[in-house]
Amino acid sequence: MSKIGEFFDKFEDLLGGKNHENKKRESMGSGLEKRIGGCFLLAPIDLAMLIALIFGFDADTFVLIGIIAGIVSFIPCEIFCHYLNKRIAEQETEDAAEDLNDDIESISLKVYIVAAIMFLVLLFLSFDVDLSPFN
């Protein structure tokens, strides 16, 4: 478990959160956590590209915004994955835990596909290519 997850567990206990039983259940695999991390990384970069296109920033500013967005997206990703793992572990039955894990996997795949397509479209739009047949 990561230090960020441990910190938020302790913080939740201090705020009067219920003590969770430590059930040994299946949690998300590392591939799924990496896909969720990719979603958390691609979405801010897409937003930075969109802002750069709207306001006409140069490439250096876009790279800076993308790097900052990538660094900042790490913490919410860790918190999100930690709470999803807790949520899977709290399920009543193994079937319910598997269903929740499958739902998380399908939703994260859809978000990842949409973010990747948005990235490619914005990347294509960021090039100054004149595609009009009438020059």
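Predicted model: local features only at pLDDT ≥ 70, side-chain atom pairs only at ≥ 80, totals over all residues.
Serine 126 first. Serine 126 belongs to helix H5, residues 94-126. Now look across to methionine 49. Serine 126 and methionine 49 sit 77 residues apart in sequence. In space, their C-alpha atoms are 8.0 Å apart.

Next, a helix pair. Take H2, residues 30-55, and H4, residues 74-89. Their axes come within 9 Å. They cross at roughly 140°. That angle is not over 145, so H2 counts as oblique to H4 rather than roughly antiparallel. The crossing of H2 past H4 is right-handed.

Which residues make the contact? From H2, they are Glu33, Ile36, Gly37 and Phe40. From H4, they are Pro76, Cys77, Phe80, Cys81, Leu84 and Asn85. Sorted by class, the H2 contact with H4 holds seven nonpolar residues, two polar and one charged.

Stay with cysteine 81 for a moment. Set aside its neighbours within four places in sequence. Cysteine 81 then has contacts with Met28, Glu33 and Ile36.

That takes us to the core. The largest nonpolar core has nine residues. Here they are: Met28, Leu32, Ile36, Cys77, Cys81, Leu84, Ile88, Ala97 and Ile104. Which elements give two or more residues to this core? H2, H4 and H5 do. H4 gives the most, with four residues.

How values were computed: Residues numbered from 1 in each chain as written. Heavy atoms only, no water. Axes fitted to C-alpha atoms, helices over the stretch in contact; angles between N-to-C directions. Parallel < 35°, antiparallel > 145°, perpendicular 65-115°, else oblique. Left-handed = near helix turned anticlockwise from the far one by under 90°. Contact = heavy atoms within 4.5 Å. Nonpolar A, V, L, I, M, F, W, Y, C, P; charged D, E, K, R; others polar. Core = buried A, V, L, I, M, F, W, Y, C linked by side-chain atoms within 4.5 Å. Buried < 20%, exposed > 50% of the residue type's maximum accessible area, 1.4 Å probe, protein only.
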